[in-house]
Amino acid sequence: MTKEGSPQPLDWYITATFTTATPMNSEAGFDILDALAEHHPSAALAANGGSISLTVSASDAVQAAALIPQILAKAQPITGAATVVSLEILSEDAFQASLDEPEIPDLVGLTEIAEMAGVSRQRANAIVKQDSFPSPVLTLAAGQFRTRAAVQNWVENWTRKPGRKPSTQPTG
């Protein structure tokens, strides 16, 4: 606590995603970094907007959010009239925890799907073609990949029909 009894300021990590009619390029990115330097910014820009991540000191998330308009106003000469379309505010603990999370989801291919379902690769190849099976999130020359969680959920709800279908060929 400070002398006035207010909470000690904390670092808050803010990411603002925005759109703009002003075309963004790498030069604009450097200009934005210069304009917001005191907030340790990073920027990812696309032709029609992008995102800016920065740090502010504030007693709580609401106070941190209240600082955002005046901070982003410093970049307005570069971005032009920008519309913020999303805003993420993380405490230092939450930010550090997010760094420990993998950026890429846990993916599985045909071999893992076969193991999860307890079937052969050939049977797994037929299963993934069913309409009810989760769609691939990534397709490479090595094959299609799905999220492990989606496949696990499907396997848990799968109604297995054991054995082969009876032959329709007449015997004799």
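Throughout this passage, a residue is called buried under 20% relative accessible area, exposed over 50%, and partly exposed in between, with a 1.4 Å probe and protein chains only. The structure is a predicted model, in which local features need pLDDT of at least 70 and side-chain atom pairs count only at pLDDT 80 or more, while totals for chains, interfaces and linings use all residues. Residues are numbered from 1 along each chain as its sequence is written, and side-chain values use heavy atoms, with hydrogens and water left out.

Helices (H or I, at least four residues) and strands (E, at least two) are DSSP runs numbered from the N terminus, and two strands pair if DSSP finds at least two bridges between them. Strands of a sheet pair through backbone hydrogen bonds, either parallel or antiparallel. Here the sheet is open, with the order S2-S3-S1-S4 and antiparallel pairing. S2 and S4 stand at the edges with a single partner strand each, so one side of each is left without a neighbour in the sheet. From one strand to the next, the twist averages 20 degrees.

S1 and S3 run antiparallel and are joined by ten bridges, with Thr17 having Ser51 of S3 as its bridge partner. S3 itself is mostly covered, eight of its ten residues being buried. S1 also pairs with S4, in the antiparallel sense and over nine bridges, where Ile14 stands opposite Ile89 in S4.

Two helices pack on this sheet. In what follows, contact means heavy atoms within 4.5 Å, axes are lines fitted to C-alpha atoms (for helices over the stretch in contact), and angles run from 0 to 180 degrees between N-to-C directions. H2 touches S1, S3 and S4, and its direction makes about 125 degrees with that of S3. H4 touches S1 and S4, and its direction makes about 95 degrees with that of S4. Ala73 lies in helix H2 (residues 61-73) and counts as partly exposed because its relative accessibility is 40%. Ala73 and Leu36 are 37 residues apart in sequence, with 9.8 Å between their C-alpha atoms.

Thr15 is placed in strand S1 and, at 22% relative accessibility, counts as partly exposed. Beyond its neighbours within four places in sequence, Thr15 is in contact with Ser51, Ile52, Ser53, Ser86, Leu87 and Glu88. Thr55, found in strand S3, counts as buried at 13% relative accessibility. Not counting residues up to four places away in sequence, Thr55 touches Asp11, Trp12, Tyr13, His39 and His40. Thr15 and Thr55 are 40 residues apart in sequence and 8.9 Å apart in space, C-alpha to C-alpha.

His40 leads on to the backbone. This residue is found in the loop between helix H1 (26-35) and S2, and it counts as exposed because its relative accessibility is 60%. Most residues other than glycine have a negative phi, and most peptide bonds are trans. Phi of His40, however, is near 50 degrees, a positive value in a residue other than glycine.

Turning to pockets, the search uses a 1 Å grid over the protein atoms alone: a pocket is an open set of points where a 1.4 Å probe fits, with protein on both sides within 12 Å along at least five of seven lines, and lining residues have an atom within 4 Å of a point. Grid points are joined across faces, edges and corners, and a volume is the space filled by probe spheres set on the points. The second largest pocket has a volume of about 230 Å³. Its lining comprises 15 residues, of which Thr15, Ser53, Leu90, Phe95 and Ser98 lie nearest the centre of the pocket. Strand S1 (10-20), strand S3 (49-58), strand S4 (82-91) and helix H4 (92-100) are the elements that give two or more residues to this lining.

A further open sheet has three strands in the order S5-S7-S6, with antiparallel pairing. Strand S5 (107-108) and strand S6 (138-140) stand at its edges, each with a single partner strand, so one side of each is left without a neighbour in the sheet. Three bridges join S6 to strand S7 (residues 143-147), and Leu140 stands opposite Gly143 in S7. Helix H7 (residues 148-157) lies across S5 and S7, running at about 80 degrees to S7.
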